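Reader: I am new to reading protein structures. Please take one part and go through it closely with me.

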Amino acid sequence: MTDDSRTDDPRTLVSTDWLAAHLHDPDLRIIDGSWHMEATGRDAHAEYMAAHISGARFFDIDAIADTRSPLPHMAPQPEMFVSRLRAMGIGDGHQVVVYDNSDVRSAARVWWTFRLMGKTDVAVLDGGFAKWRAEGREVEDLPPITRDRHMTVQRQAARVRDVTQVAAAAKLGDHVIIDARGPGRFRGDEPEPRPGLRQGHIPGSRNVPFTLLYNDDGTMKSVPELRAVFEAAGVDLLRPAITTCGSGITAASLALALERLGKRDWSVYDGSWTEWGSYPDLKIETGDA
């Protein structure tokens with residue numbers, strides 16, 4: 001790693017070398033944040049139970065969520081987040097590292113959830129579980145013994161946007177809306193994986209497929225490379241950004257990348273296309289941006 005932009009940052013991204021060096025630190029907590037699309041047939045919790053990084057806890061994105069919402073895995077209320085994380089033995093004063101073994105890089109969603117709750121000592125493991133295992137590093141198949149830890153949170157409203165706010169932003173053009181879905185779904189050429197949704201994108205949005213943010217080995221691209229990806233898509237990085245995707249998972253990778261760029265005025269549209277595409281009265285566009 002000769003590029004200075006690859007320096008480990010415990011608030012955004014850390015390397016497998018960094019995690020290995022800190023693996024047994026008393027105030028380090030590791031989270032497996034794997035999540036899979038239903039069509040893959042994969043069971044994230046079963047895979048966690050079979051093998052995970054030593055000491056890792058499992059964060060169930062579908063369960064640690066607003067279960068009152070008809071939309072999938074919407075961000076949890078602060079009270080639920082605190083309750084679940086305390087039970088996992090995670091609390092104030094802990095450095096958290098989140099990893100995944102997922103094609104959709106779901107660790108970024110867990111990172112965003114912590115940020116939404118005002119917790120900043122949290123990073124994603126660069127390259128995730130696949131890189132960790134490929135390097136022959138320490139894994140286990142037993143969950144850790146946990147002790148309740150006090151946690152305080154302060155929800156950061158600026159980190160999330162609802163459908164009304166996104167509709168206003170699209171109409172006024174005062175934000176750049178960035179869509180993490182693949183080009184076919186963005187253009188409306190490919191059907192949505194969830195039935196009943198219209199095809200296309202939020203008017204005025206730009207398309208940055210989340211896969212463009214990552215190298216072949218699952219590590220995130222360098223800061224200059226990330227900046228080039230956004231600029232090539234016509235993203236005005238001087239405007240506040242709203243990231244969106246299918247259901248709020250891959251939009252978090254865009255948020256993580258923007259944070260890596262030093263951009264602070266970003267938020268995630270939690271309902272994303274699952275919400276927008278289901279409302280017939282909301283305008284949509286098709287074709288390229």
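Reader: Does Asp179 count as buried or exposed, and at what relative accessibility?

Author: Asp179 counts as buried, at 2% relative accessibility. Buried means under 20% relative accessible area, exposed means over 50%, and partly exposed lies in between, with a 1.4 Å probe and protein chains only.

A word on the model first. It is predicted: local features need pLDDT of at least 70, side-chain atom pairs count only at pLDDT 80 or more, and totals for chains, interfaces and linings use all residues. Residues are numbered from 1 along each chain as its sequence is written, and side-chain values use heavy atoms, with hydrogens and water left out.

Now the place of Asp179. The residue lies in strand E9, residues 176-179. Strands (E, at least two residues) and helices (H or I, at least four) are DSSP runs, numbered from the N terminus.

Next, its surroundings. Contact means heavy atoms within 4.5 Å. Leave aside the neighbours within four places in sequence. Asp179 then touches Phe186, His201, Arg206, Asn207, Val208, Pro209, Thr244, Cys245 and Leu254.

One of those contacts is Thr244. It leads us to strand E11, residues 241-244. E9 and E11 pair in the parallel sense over four bridges. Two strands pair if DSSP finds at least two bridges between them.

Strand E12, residues 266-269, pairs with E11 in the parallel sense over three bridges. Here Ile242 has Ser267 as its bridge partner. Look at both faces of E11. Ala241 and Thr243 are buried on one side. Ile242 and Thr244 are buried on the other.

Follow the chain out of E11. A loop runs between this strand and helix H9, residues 251-260, and Ile249 is found in it. Ile249 counts as buried, at 3% relative accessibility. Again set aside the neighbours within four places in sequence. Ile249 is in contact with Trp35, Ile61, His73, Val104, Ser106 and Arg109. His150 is another matter. Ile249 and His150 are 99 residues apart in sequence and 28 Å apart in space, C-alpha to C-alpha.

Take His73 first. This residue lies in the loop between E4 and helix H3, residues 78-87. His73 counts as buried, at 5% relative accessibility. Its phi is near 35 degrees, a positive value in a residue other than glycine. Ser272 also has a positive phi, about 45 degrees, although it is not a glycine. That residue sits in helix H10, residues 272-276. Ser272 is buried, with a relative accessible area of 0%.

Now take Arg109. It is one of the buried residues of helix H4. H4 covers residues 107-116 and is mostly covered: 10 of its 10 residues are buried. Among them are Trp111, Trp112 and Phe114. After H4 comes Gly118, whose phi is positive, near 85 degrees.

There is also an open sheet of five strands. Their order is E1-E6-E5-E2-E4, and the pairing is parallel. Strand E1 (13-14) and strand E4 (57-58) stand at the edges, each with a single partner strand, so one side of each has no neighbour in the sheet. E1 runs parallel to strand E6, residues 122-125, and two bridges join them. Val14 stands opposite Leu125 in E6.

Finally, step back to the whole protein. It has 10 helices and 12 strands. Its radius of gyration is 18 Å, close to the 19 Å that the globule rule gives for 289 residues, so the protein is as compact as a globular protein of that length. That radius is taken over C-alpha atoms, and the rule is 2.2 Å times the number of residues to the power 0.38. The C-alpha atoms fill a box of roughly 50 × 45 × 35 Å, taken along the principal axes. Buried residues make up 53% of the 289 residues. Residues 24 or more positions apart account for 79% of them.
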